[in-house]
Each structure stands twice: as C-alpha cells, then as structure tokens.
Amino acid sequence: MTHPQLEAIILKIDEVMESYPSLSQNDRLADLSKKTGYPKAYFFTAAVSLLTSFLSAIGGMKLISDLIGFIYPAYMSFTAIESEGKDDDAQWLMYWVVFATFSILEGTVMFLLEYIPFYYVVKTVFMVWLFHPKFRGAEIIYDQAIPILQKMTKPTEKPQKPSGDDVGEVTQKKEE
C-alpha cells in the first residue's frame with residue numbers, strides 16, 4: 001500500500017507520459033510494469049533521473065539549461081514551418097531572436113555570471129518562460145525591444161541620386 005500523496009504523484013506522471021506516448025516510451029514501460037509489478041512512473045522517473053545525472057556529469061548544469069532552451073523550441077520550430085498558419089512561425093522566430101541575443105550577452109559577461117548562485121537554474125526557468133505557450137515571454141521581450149531598436153536604427157534621409165534629367169539641367173546651367 002502506498003501513501004495517498006505518492007499515488008497522486010504517480011497518476012500525474014502517468015498523465016504526462018500518456019500525453020507524450022512516443023517520447024516516454026509508454027508501451028515499453030507498460031510491459032515492464034506488468035513484468036515487475038511496479039508502476040511505470042517509477043521507471044520513467046528513474047530514466048529521467050539517470051539521463052539528468054549523465055548530462056550533469058558530462059556538461060554540468062550549463063549543458064542541461066542549453067538543451068532545455070534548444071530541444072523543445074527546435075522541435076516546435078520545425079512543426080511550425082510545416083504547419084499552414086504563419087502565427088506560430090512568427091512566435092518561434094521571435095523566440096530564436098531573443099535566444100540568440102541572450103546567448104551572445106551571456107557569453108560576453110560569463111565571467112560575472114559564474115559568481116551568481118543558482119544562475120543556471122534561473123536561466124533554465126527563464127528559457128522555459130520564453131517558450132512556454134502559456135507565457136510566451138519571447139514575444140513580450142521582443143515587443144518591448146522593437147520600439148527601442150527602431151529608435152536606434154531610424155534610417156536617415158539618403159541623398160537622392162541625380163536622374164538623367166537632373167544631370168541635363170545641371171550641365172545647361174553651367175553652360176549659361
């Protein structure tokens with residue numbers, strides 16, 4: 001018999017796994033669950049923990065936060081390109097502009113960021129906020145930055161090239 005709160009967590013993990021059956025290998029875990037008698041949520045949690053530990057060992061939290069900021073948005077960008085609507089294309093294009101800007105800024109000031117405790121946890125939460133469909137933080141940042149960039153890059157009036165008629169008028173005036 002398991003604790004009621006543990007039961008609720010197992011049910012929640014099962015719901016997540018069922019909503020992404022190919023990603024979570026739901027069928028294989030169901031077979032494993034039948035053979036062992038343990039809930040498939042246990043195996044899924046163990047696999048995610050092992051993967052996270054492995055990634056943390058080879059690249060640290062920086063690798064994990066970069067992968068979180070890249071894998072899901074890249075997948076959604078590919079699906080947006082294949083879809084017929086253009087709204088999702090614009091959403092993911094805005095994400096990649098903000099992501100690239102953030103990456104450049106991060107690389108520039110990394111020597112300072114190393115001293116911020118839990119920086120990569122904050123970065124991961126920020127990345128999720130940028131692309132999560134509920135928040136769409138990249139659009140918020142993009143919409144805030146556009147007016148500033150437009151003021152900074154306001155085109156100046158370019159001198160007009162003289163047309164053929166203008167050249168003729170200039171030469172006539174010189175002859176007089």
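Modeller: Ser-77 touches Trp-92 and Trp-96, leaving aside residues up to four places away in sequence. Keep in mind that this is a predicted model.

Biologist: Where is the place of Ser-77?

Modeller: Ser-77 sits in helix α4.

Biologist: Is Ser-77 buried or exposed?

Modeller: Buried. Its relative accessible area is 11%, and the cut-off for buried is under 20%.

Biologist: What joins the side chains of Ser-77 and Trp-96?

Modeller: A polar contact of 2.7 Å.

Biologist: Let's step back. How many helices and strands are in the chain?

Modeller: Nine helices and zero strands. From the N terminus on, the elements run α-α-α-α-α-α-α-α-α.

Biologist: What percentage of the residues count as buried?

Modeller: Of the 176 residues, 20%.

Biologist: And what share of the contacts with a separation of 6 or more comes from residues 24 or more positions apart?

Modeller: They account for 49% of those contacts.

Biologist: Now α3. Which residues of that helix are buried?

Modeller: Helix α3 covers residues 26-36, and Asn-26, Leu-29 and Ser-33 are buried there. Seen down the axis of α3, the buried residues fall within an arc of 65 degrees, so they line one face of the helix.

Biologist: Why do residues three or four places apart point the same way in an α-helix?

Modeller: Because an α-helix has 3.6 residues a turn.

Biologist: Which residues are exposed on the other side of α3?

Modeller: Asp-27, Arg-28, Lys-34 and Lys-35.

Biologist: What covers the buried residues of α3?

Modeller: The cover includes α1 (4-19), α2 (21-24) and α4 (40-82).

Biologist: What follows α3?

Modeller: Gly-37 does. Its phi is positive, near 90 degrees.

Biologist: Which residues make the nonpolar surface patch?

Modeller: Met-61, Phe-118, Val-121, Val-122 and Val-125 make a patch of about 500 Å².

Biologist: Which helix gives the most to the patch?

Modeller: Helix α7, residues 119-131, with three residues.

Biologist: Where is Phe-118 found?

Modeller: In the loop between α6 (110-113) and α7.

Biologist: Is Phe-118 buried or exposed?

Modeller: Exposed, with a relative accessible area of 66%. The cut-off for exposed is over 50%.

Key
Residues are numbered from 1 along each chain as its sequence is written. This is a predicted model: local features need pLDDT of at least 70, side-chain atom pairs count only at pLDDT 80 or more; totals for chains, interfaces and linings use all residues. Side-chain values use heavy atoms; hydrogens and water are left out. Buried means under 20% relative accessible area, exposed over 50%, partly exposed in between (1.4 Å probe, protein chains only). Helices (H or I, at least four residues) and strands (E, at least two) are DSSP runs, numbered from the N terminus. The arc is that of the directions from the helix axis to the C-beta atoms. Contact means heavy atoms within 4.5 Å. A polar contact is a pair of N or O atoms within 3.5 Å; within protein, one must be able to donate a hydrogen and the other to accept it, and residues adjacent in sequence count only if both atoms are side-chain atoms. Patches are made of residues with over 30% relative accessible area and no salt bridge: like charges are joined within 9 Å, nonpolar side chains (Val, Leu, Ile, Met, Phe, Trp, Tyr) within 5 Å. Accessible areas come from the Shrake-Rupley method with a 1.4 Å probe; for residues, only the protein chains shown count as cover. A salt bridge is a side-chain nitrogen of Lys or Arg within 4 Å of a carboxyl oxygen of Asp or Glu.
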